[in-house]
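Here is my note for your first read-through. Please keep the model open beside it and check each point as you go.

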Amino acid sequence: MRLLIAGGGTGGHLFPGIAVAEEFLARKKGNEVLFVGTWKGIEARVLPKLGYRLECITAAGIRGKGNVARAKGIAKFLYGYAQSRKILKEFKPDMVLGVGGYASAPALLAARGMQIPRFIHEQNAIPGFTNKMLAKVAERVFISLEESSDFFPEARTLLTGNPLRRQILEQVALAPLQERSDDAFHLLVFGGSSGAHRINVTMGEALQFLQDMKGRLRVTHQTGENDLEDVTAVYEEQGVSADVVPFIDSMADAYRWADLVVCRAGATTIAEVTACGKPCIFIPYPHAVDDHQRRNAEALLKCGAGFVMTEQELSAELLAKAIRELMNDPAQLKAVGEAAQGLARLDAAQVIVDEMITIKREMK
Ligand SMILES: CC(=O)N[C@H]1[C@@H](OP(=O)(O)OP(=O)(O)OC[C@H]2O[C@@H](n3ccc(=O)[nH]c3=O)[C@H](O)[C@@H]2O)O[C@H](CO)[C@@H](O)[C@@H]1O
């Protein structure tokens, strides 16, 4: 069978797509996957390295901008639609899965015109415009969180959770076997797939308040592309041992290593840290559509499964205080990690692949 996966832009959309691709390819020798995305998206950097085929189309948002930008968006959409039809004719997929992001709309709509079964996956509690629109033409809408069911037609919506990549699932299986030999404290700081400037700056400033802890503190800090040099310099100045990188290829290794995580609260990040049972201080991105990151984080806070600091309350001193307290309270860290793990759902990719294959067979 052949599966086309459309969308991306950010890691939060792309990585669940990769998780479904892994599951689909593992089902049967000879299964094929093709991704459709854009050159600007994270997919153009990540997929070729992993050995996946990627076709890039032209796509852009067409909502809520000035008239000129809107007209340009529509023209790009129509061009992307024509490109998608051509790709579909050549690849002849049995089914198409949209994972959100600009490229998913032209590809899914072209699939509709060619009567190829179509599916979408929504990662967030509050769906974006593209998925709300595409739900009208999808055979099934797979959702990660109960909250988003209100936005989609009940009869065609299935709660699956957010698909996790094999590297993360393997980490989950390994976790109980791992023991640490040193008494260093491992802190992982990352700001979603593109890094977070505010987290970079605040964490850098927090180091001055953690001087008494620096004997034990080891940090891995993902900065994104822009702040790498500045953040590296701050750790050096403050004498805190750190591995500062623009992007982490193996998040599974990073999670395994970490005793505590400071991060944004994107949907895919949440799915991963809960699966790995990691205690986190979430700093939600305040400009995410409908403030959905805050909602994601608060859902965990409510269950004692994470800590939350909004950007409004965030300060270097407060962040340092929270880190220090948790460094000195392994019992609390353990309890919060376990509560997080209790919320994880691990079989999303399997359920999605099962459902797509079943529906494809029924439609024959
Ligand atoms: C600012 C914004 O609107 N962000 C959205 C975007 O975020 P973003 O792309 O940051 O999404 P998430 O936080 O959900 O996921 C990040 C993904 O990137 C991976 N990763 C991250 C850092 C790294 O160095 N290496 C790496 O592989 C993580 O393992 C994870 O798989 O899409 C998500 C899913 O639609 C939304 O919930 C987020 O709100």
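1. Start with one term. A residue is buried when its relative accessible area is under 20%, exposed when that area is over 50%, and partly exposed in between (1.4 Å probe, protein chains only). The areas come from the Shrake-Rupley method, and for residues only the protein chains shown count as cover.

2. Know what you are looking at. This is a predicted model, where local features need pLDDT of at least 70, side-chain atom pairs count only at pLDDT 80 or more, and totals for chains, interfaces and linings use all residues. Residues are numbered from 1 along each chain as its sequence is written, and side-chain values use heavy atoms, with hydrogens and water left out.

3. Look at helix H1, residues 11-27. Helices (H or I, at least four residues) and strands (E, at least two) are DSSP runs, numbered from the N terminus. H1 has 17 residues and reaches 24 Å from first C-alpha to last, close to the 24 Å expected at 1.5 Å a residue. That expected span is 1.5 Å times one less than the number of residues. Twelve of the 17 residues are buried. Among them are His 13, Phe 15, Glu 23 and Phe 24.

4. Now the salt bridges. Each is a side-chain nitrogen of Lys or Arg within 4 Å of a carboxyl oxygen of Asp or Glu. How many salt bridges does a search of the whole structure find? The search finds 18. Glu 23, Arg 27, Arg 166 and Asp 354 are linked in a network of them.

5. Take Glu 139 and Arg 118. Their side chains meet in a salt bridge at 3.6 Å, N to O. Glu 139 lies in the loop between helix H5 (129-134) and strand S6 (140-143), while Arg 118 is in strand S5 (residues 118-122), 21 residues apart. Both are buried.

6. Compare Asp 212 and Arg 324. Their salt bridge is 2.7 Å, N to O. This pair links distant parts of the chain, 112 residues apart: Asp 212 in the loop between helix H7 (197-206) and strand S9 (217-222), Arg 324 in helix H12 (residues 316-327). Asp 212 is exposed at 54%. Arg 324 is partly exposed at 24%.

7. Finish in helix H13 (residues 330-342). Glu 338 and Lys 334 are four residues apart there, so about one helical turn separates them. Their side chains meet in a salt bridge at 3.2 Å, N to O. Glu 338 is partly exposed at 47%, and Lys 334 is exposed at 56%.
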